[in-house]
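Welcome to this short tour. Please open your viewer, get ready to select residues by number, and follow along stop by stop.

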Amino acid sequence: MANDFKRFNVTNATTSTGASADALYTIPAGAGSTALESIVIGITLANTGTAGVTASVFLDGYDGTDSYIVKDASIPAGSSLEVMSGNKIVLQHNGSAGDVIRVSCGTSNSLDATISVLEDV
């Protein structure tokens with residue numbers, strides 16, 4: 001398999017939280033529904049509103065191991081937050097279900113989110 005760098009984004013994130021938040025990235029199954037892994041190499045959250053907001057990034061684990069990557073982080077108006085800061089997160093798909101990265105904002109329609117991943121690793 002070839003490794004592929006890809007970018008995905010959500011504009012105007014909703015206020016739903018946890019497993020109900022907007023899906024920023026869903027790891028796909030490999031060819032023939034085989035297991036697959038992806039590496040998250042960056043997540044940027046941008047406040048598009050005129051006031052400060054709080055934002056969260058949630059890992060909705062396919063195996064029930066859900067966790068927040070960042071929860072209720074403050075982002076001033078017109079600013080952005082680099083969530084990863086040089087770290088990496090491995091996402092997994094077991095052939096029938098996969099991890100999902102979700103994003104939410106305390107104020108609706110005030111947050112854009114971008115994720116960069118390396119797929120097929």
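Start by selecting D60 and R102, which are both buried (buried means under 20% relative accessible area, exposed over 50%, and partly exposed in between, with a 1.4 Å probe and protein chains only). A word on what you are looking at: this is a predicted model, in which local features need pLDDT of at least 70, side-chain atom pairs count only at pLDDT 80 or more, and totals for chains, interfaces and linings use all residues. Residues are numbered from 1 along each chain as its sequence is written, and side-chain values use heavy atoms, with hydrogens and water left out.

**Stop one: D60 and R102**

Show the side chains of this pair. D60 and R102 meet in a salt bridge, at 2.9 Å from N to O (a salt bridge is a side-chain nitrogen of Lys or Arg within 4 Å of a carboxyl oxygen of Asp or Glu). D60 lies in strand β4 (residues 53-60) and R102 in strand β8 (residues 100-105), so the pair ties together parts that are 42 residues apart in sequence. Strands (E, at least two residues) and helices (H or I, at least four) are DSSP runs, numbered from the N terminus.

How many salt bridges does the structure hold? There are 3, and the next stops visit the others.

**Stop two: E119 and K6**

Now select E119 and K6, whose side chains form a salt bridge at 3.0 Å, N to O. E119 belongs to strand β9 (residues 111-119) and K6 to strand β1, so this pair ties together parts that are 113 residues apart in sequence. Is E119 buried or exposed? E119 is buried, with a relative accessible area of 4%. K6, by contrast, is partly exposed at 36%.

**Stop three: K71 and D72**

Next, select K71 and D72. Their side chains meet in a salt bridge as well, at 3.3 Å from N to O. Keep D72 selected and find it in strand β5 (residues 67-75). D72 counts as partly exposed, at 45% relative accessibility. Look at its backbone too: phi of D72 is near 55 degrees, a positive value in a residue other than glycine.

**Last stop: N12**

Where is N12 found? Look in the loop between β1 (4-10) and β2 (22-26). Phi of N12 is near 55 degrees, which is a positive value in a residue other than glycine. With a relative accessible area of 38%, N12 is partly exposed.
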